[in-house]
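Dear colleague,

Please find below the structure that I am handing over to you. My notes on what was found in it follow directly after.

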Amino acid sequence: MAVLPTSQLRELASLVGFDLVGFARAEPIPPAFLMEWLEAGFAADMDWMGERAAERLDVDRLLPGAKTVIAFANNYWRDDAESVDSPIARYARGRDYHSTLRDRMKAFRKAVTSTFPGVGTYGSVDSGPLMEKVWAARAGLGYVGKNGCFITEPYGSWVLLATLVLDAEVDAYGNGPAENRCGSCRRCLMSCPTGALVGNGRVDARACLSYQTIENREHQVPEAFRLKFDNLIFGCDICQQVCPLNRHPVFAENPRFAPRAVAELGTLELAGLTPEQYEHLVPGTALARARYDGLRRNAVYALGVSKRADARKLLEKLCGDSSELVRTAAQWALSQLEP
Ligand code: B12
Ligand code: SF4
Ligand code: SF4
């Protein structure tokens, strides 16, 4: 099969809307990073992380004959005035990033397979069994910081990743992770409210507010963690917000990353969302993963944490909600309002 020219692939990637692209040889990943993380229980109840570990470690299992892994990144940082105080993490304020990046990858794949007929591909954005930060590092787009996030030179860590495996070689490969610029800084480690950063870029998901607000959606959140839901109800940006390498973010012009109406709401409005408002505001955004009751549970916790006296009426009403998850959260939040 022909060796594909990276100059042409870079042009295509830019045409379809990716900000960064890099190329890595499709070699197996040393198992220790993933296996030790899983064995330590850091995956919490995300069983799907371990179930397809073999594929995560070797893309040849996803695409037999894999030769190249292409890593893409999109900057998503925006500071639109209406959403500046939103309790929703930045990456989730606009249209669901999965569909934005998937659409771009689909267009890229189509262009590649029509220009180079016979090339096989396997693509994923987030949900596939691939270690996307490892591939982005190998492809030379940046490195994994002490905050566990992938940090690039032009955009800091405000990037989302997509990954495409090819069964063809390209004419040039990245030189591996970029130089580690963390140095002696420990800001993220000191700022994480729950001690979820456990060293060497590892995150203990059990303690991470991103996990607790998004993935742990069927149970009450342990009290020690819910007490940290301080104007934070979906995802957590604290360890990125404090990072000096994020001091000069770049505004993401593409309207797909523009905050949607739901990002203009505060915790009181989000806790009081009716099913109709939810259907109007949430589908099509990444928030849908927390589901109606999970999102309201989180907003209710945040009202308790901020001891909002003006939330009392709503919280009293939610004590009679049809969802047990929300009822119990509302009782707890009301107890926080007591002096
Ligand atoms: C599971 C998961 C989570 C979990 C666990 C987080 C974690 N860091 O492991 C939870 C739910 C907590 C989470 C939270 C978030 N996530 Co998340 N998550 C994932 C997912 C699905 C898998 C990550 C994984 O494999 N973890 C297992 C550990 C062992 O692997 P790792 O994270 O890659 O880390 C190790 C290796 O990178 C290795 N390593 C480092 N450099 C190198 C170099 C080489 C050559 C090698 C071999 C290895 C190596 O060292 C690291 C530590 O052991 C990825 C998507 C994907 N399919 O990859 C998104 C992903 C990592 N998440 C993403 C995002 C945006 C987030 C949040 C910022 C969302 C938010 N605002 O709330 C937070 C950030 C929390 C944090 N501080 O990391 C983005 C990353 C963006 C970025 N710039 O880093 C991803 C890539 C999704 C995407 N497609 O864009 N996430
Ligand atoms: S996302 Fe929040 S809770 Fe998770 S490691 Fe970063 S600061 Fe800690
Ligand atoms: S806050 Fe400091 S230690 Fe943490 S990722 Fe940023 S530069 Fe590295």
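**Threonine 152**

Threonine 152 sits in the loop that joins strand 5 (150–151) to strand 6 (159–166); helices (H or I, at least four residues) and strands (E, at least two) are DSSP runs, numbered from the N terminus. This is a predicted model, in which local features need pLDDT of at least 70 and side-chain atom pairs count only at pLDDT 80 or more, while totals for chains, interfaces and linings use all residues. Residues are numbered from 1 along each chain as its sequence is written, chains are lettered from A and ligands numbered from 1 in the order in which they are written, and side-chain values use heavy atoms, with hydrogens and water left out.

Threonine 152 counts as buried because its relative accessibility is 0%; buried means under 20% relative accessible area, exposed over 50%, and partly exposed in between (1.4 Å probe, protein chains only). Its side chain reaches the backbone nitrogen of tyrosine 155 at 3.1 Å. Apart from neighbours within four places in sequence, threonine 152 is in contact with Leu20, Leu141, Gly142, Val159 and Arg181, where contact means heavy atoms within 4.5 Å.

Ligand 2 is surrounded by Cys192, Pro193, Thr194, Ala196, Leu197, Cys208, Leu209, Cys236, Ile238 and Cys239. Its shell divides into nine nonpolar residues, one polar and no charged. Around ligand 3 one finds Lys146, Asn147, Ile151, Cys182, Cys185, Arg187, Cys188, Cys243, Pro244 and Leu245. The shell of ligand 3 has seven nonpolar, one polar and two charged residues.

**Glutamine 212**

The side chain of glutamine 212 makes a polar contact with the side chain of asparagine 216 (2.7 Å). A polar contact is a pair of N or O atoms within 3.5 Å; within protein, one must be able to donate a hydrogen and the other to accept it, and residues adjacent in sequence count only if both atoms are side-chain atoms. Leaving aside neighbours within four places in sequence, glutamine 212 is in contact with Arg206, Val221, Pro222, Phe225, Phe229 and Arg297.

**Residues with positive phi**

Asparagine 200 has a positive phi of about 55° although it is not a glycine. Asparagine 200 is placed in the loop between helix 7 (187–191) and helix 8, and it counts as exposed because its relative accessibility is 78%. Arginine 291, also not a glycine, has a positive phi near 65°. Arginine 291 lies in helix 13 (residues 291–305) and, at 43% relative accessibility, counts as partly exposed.

**The two domains**

The domain assignment of the chain gives domain 1 (1–218 + 236–249) and domain 2 (265–339); such bounds come from an automatic or database domain assignment. The contact between them takes 14 residues from domain 1 and 14 residues from domain 2. The C-alpha centres of domain 1 and domain 2 lie 31 Å apart. Domain 1 and domain 2 bury about 1200 Å² between them, 52% of it on carbon and sulfur atoms. Buried area is the accessible area (1.4 Å probe) that two parts lose on being put together, summed over both.

Yours sincerely

Note on methods: A residue is near a molecule or strand if one of its heavy atoms lies within 4 Å of it. Ala, Val, Leu, Ile, Met, Phe, Trp, Tyr, Cys and Pro count as nonpolar, Asp, Glu, Lys and Arg as charged, and the others, Gly among them, as polar.
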